[in-house]
Amino acid sequence: MKSLDLLLLACCLCSLSTLGGASDAEKALMKTLFSSYDLKVRPAVTPEERVVVRVGMVLSSFVGLNMKNEEMSTVVVMNLEWTDYRLQWKPKQHEGIEVLRIPAGKVWLPNIVLINNNDGVFDVALQVHVQAYSNGRVTWTPPALYCSSCGVKVTYFPFDWQNCTMQFRSYTYDSTEIDIQYARDSRGQEIREIQLDEAFSEGGEWHIRHRPSRKNMNDDQYEDMTFYLIIERKPLYYVLNIILPCILITIIAIFNFYLPPDAGEKMGLSINVLLTLTVFLLLLADKIPETSLGVPIIVNYIMFTMILVTFSVILSVVVLNLHHRSPNTHQMPMWVRKIFIHMLPPYLGMLRPKVETPLSLETMPRREKKMVAISKMADEYFIRKPSVLFSKPNRYQPEGMCTDLRRFIDGPSTYLTLPDELKSAVDAITYIAQALQAEKDYEALKEDWQYVAMVVDRMFLWIFVVFTTVGTLAIFADASFNHTPTDPFKSP
């Protein structure tokens with residue numbers, strides 16, 4: 001057992017001596033490299049030489065796009081690479097050390113920052129160590145949480161796509177001092193797009209369609225590397241929570257014209273629908289930016305619906321006005337009777353239970369009947385048949401072709417004169433018959449006004465169905481032409 005313990009102790013001591021040797025070798029190499037190193041000086045052999053800086057990006061997470069503030073949030077890992085000839089050494093002279101990990105504050109950095117940030121944070125989130133290789137190649141992969149500005153186009157919201165960019169350039173060195181180029185992969189080929197992290201997963205609102213990168217030269221002689229994220233919205237949330245309820249509310253507003261005026265809820269229903277659409281409009285106001293450059297398609301639809309509902313309120317007032325008219329207050333024009341009682345109902349699928357008087361009879365001029373000599377038998381006939389005496393051709397001509405009973409009471413015939421008691425009875429019967437006929441005519445004319453209101457209601461129902469269907473299809477069909485471009489650099 002003692003021999004085994006001694007063997008284990010010897011192995012531990014050898015390991016510690018090896019670690020101590022490696023640490024001492026790195027300390028000696030660091031001391032050698034940084035004895036005359038100045039991090040404020042560009043790693044260029046001559047003043048005219050441009051330092052090549054390769055810029056790449058790995059997207060770890062797409063946090064989201066704040067439409068209200070026009071701000072895109074992303075978690076990325078920057079991939080920067082350049083060559084610093086002052087950080088070269090021969091591995092054989094330093095116990096085979098190939099790579100050194102040096103604090104970022106001790107070496108020269110190209111000062112590549114995010115120009116179009118939206119929160120005032122230009123630099124990376126964590127100053128990780130740089131990796132320096134024996135041939136002078138330096139790589140730096142710091143993580144960063146960027147909030148970049150993104151101009152939002154709201155015209156086709158929520159069936160829209162956005163082109164958000166992240167623009168990186170050096171705040172210290174222009175194009176005469178550094179040369180910004182694309183990063184390279186393990187095979188030495190240029191990477192002209194944003195790479196995705198292995199653990200990257202898309203969110204529930206946006207789908208990344210394109211993620212290219214491009215080098216640009218600005219007028220101020222500063223080069224930049226711009227990374228593009230062309231994202232397409234997944235509209236299912238807005239379809240189920242805003243658009244579909246609005247369509248159902250519009251259908252309810254349409255059926256307001258199917259509600260009988262006597263129900264007393266026509267105005268209340270229309271106003272409630274109008275208030276509901278106003279609430280939806282206020283909810284959308286918190287989602288979209290306050291811009292006058294465009295009106296979202298969903299706002300156009302809600303405004304279109306609100307206009308229809310507003311007209312439905314106005315037209316409901318008209319229908320109620322027609323419904324509550326009476327012969328005491330209004331006289332029905334003949335063109336109203338012709339259009340809304342005789343012409344439109346068959347086309348609207350409305351059949352009145354009672355048979356309408358032909359229009360030719362309603363417009364027939366009044367005629368006075370010539371009376372011929374009537375015998376005493378005629379006098380008795382007219383007395384016994386009062387229905388003939390008080391009949392009128394129709395209720396629309398209160399002074400139409402009716403026989404005046406008084407002519408027979410006073411007697412057209414010289415052979416018979418009625419007694420005074422019978423004359424009084426006939427006068428009473430005449431009064432009662434006229435009162436009943438007047439009441440019947442009043443109710444009939446009132447029913448005609450109600451029928452006209454019903455026909456107008458049905459007409460507005462079909463008009464609103466057509467307008468709503470055509471308007472909805474026209475508004476949302478326009479969004480079907482808003483496709484994400486296949487070539488991101490040729491997008492409008």
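Predicted model: local features only at pLDDT ≥ 70, side-chain atom pairs only at ≥ 80, totals over all residues.
Which two cysteines form a disulfide, and how far apart are their sulfur atoms?

Residues are numbered from 1 along each chain as its sequence is written, and side-chain values use heavy atoms, with hydrogens and water left out.

**View 1. The disulfide of cysteine 150 and cysteine 164.** Here the two sulfur atoms sit 1.9 Å apart, and a disulfide is a pair of cysteine sulfur atoms within 2.5 Å. The structure holds one such disulfide. It links distant parts of the chain, 14 residues apart: cysteine 150 is in the loop between strand E7 (143-149) and strand E8 (161-170), while cysteine 164 is in strand E8. Strands (E, at least two residues) and helices (H or I, at least four) are DSSP runs, numbered from the N terminus. The torsion about the S-S bond is about -70 degrees, so the disulfide is left-handed.

**View 2. Buried cysteines.** Cysteine 150 and cysteine 164 are both buried (under 20% relative accessible area; exposed is over 50%, partly exposed in between; 1.4 Å probe, protein chains only). Cysteine 147 counts as buried at 15% relative accessibility, and cysteine 246 does at 1%.

**View 3. Isoleucine 251 in helix H2.** Helix H2 covers residues 236-254 and holds isoleucine 251. With 40% relative accessibility, isoleucine 251 counts as partly exposed.
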